[in-house]
Amino acid sequence: MIQPNHRNSLGGIHGAVIFSLADITFAAACNASDGRYIGTQAEIRYMRGTDDQDLRATARLVGQSNRFAHYSVLVNDGKGREVALFTASAYKLGNRELGS
């Protein structure tokens, strides 16, 4: 739930809140597989401000190698408007089942 301290000086949702949502979504997506990943790079493009209480983020794997995975995360507000595009890469530390 968006609280008053999540807003910027213009009354919109603070960019750091949007970035955090995208980053957590990225982490959940890349660690949903058998691998253990750690982020190596992240970037965000804010496309519009929003004061909507409802934010949703959707991650998509856009490329992968033996050791790296690359994702895009789209953040939308409750009205379906695109708020931000987050892109990030992660390094595979090992596999969960092997304990590596």
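Two strands pair if DSSP finds at least two bridges between them. Keep that in mind, everyone, while we walk through this protein.

A word on the model before we start. It is a predicted model, in which local features need pLDDT of at least 70 and side-chain atom pairs count only at pLDDT 80 or more, while totals for chains, interfaces and linings use all residues. Residues are numbered from 1 along each chain as its sequence is written, and side-chain values use heavy atoms, with hydrogens and water left out.

Now the overall layout. The protein has 1 helix and 4 strands, where helices (H or I, at least four residues) and strands (E, at least two) are DSSP runs numbered from the N terminus. Along the sequence the pattern reads α-β-β-β-β. The C-alpha trace spans about 50 × 20 × 20 Å along its principal axes.

Let's take the strands. E3 and E4 pair in the antiparallel sense over 9 bridges, and Tyr71 has Ala88 in E4 as its bridge partner. These two strands form a hairpin with 4 residues between them, and Gly80 in the turn has a positive phi of about 85°. On E4 you will also find E1 as a partner, antiparallel over 11 bridges; there, Ile38 is bridged to Tyr91 of E4.

Next, the helix. H1 has 16 residues and reaches 23 Å from its first C-alpha to its last, close to the 22 Å expected at 1.5 Å a residue (that expectation is 1.5 Å times one less than the number of residues). Its buried residues are Ile18, Ala22, Thr25, Phe26 and Cys30; buried means under 20% relative accessible area, exposed over 50%, and partly exposed in between, with a 1.4 Å probe and protein chains only. Why do they sit on the same side of H1? Because they cover an arc of only 120° around the axis, judged by the directions from the helix axis to the C-beta atoms. The cover over them includes E1, strand E2 (55-64), E3 and E4.

That brings us to the core. A nonpolar core is a set of buried Ala, Val, Leu, Ile, Met, Phe, Trp, Tyr and Cys residues joined through side-chain atoms within 4.5 Å. The largest one here has 18 residues, and Ile18, Phe26, Cys30, Val75, Ala84 and Phe86 have the most contacts inside it. Helix H1 (15-30) and strands E1 (35-46), E3 (68-77) and E4 (82-95) each give two or more residues, with the largest share, 5 residues, coming from E4. Take Val75: beyond its neighbours within four places in sequence, its contacts (heavy atoms within 4.5 Å) include Ile18, Leu21, Ala22 and Leu55.

Finally, the aromatics. Rings of Phe, Tyr and Trp (its six-membered ring) pair if their centres lie within 6.5 Å; planes under 30 degrees apart are stacked, over 60 edge-to-face, and the rest tilted. The structure holds 4 such pairs. Phe19 and Phe86 are edge-to-face, 5.3 Å centre to centre with 70° between the planes. Phe19 lies in helix H1 and Phe86 in strand E4, so this pair ties together parts that are 67 residues apart in sequence. Phe86 is buried at 0% relative accessibility, whereas Phe19 is partly exposed at 28%. Both also belong to one aromatic cluster with Phe26 and Tyr71.
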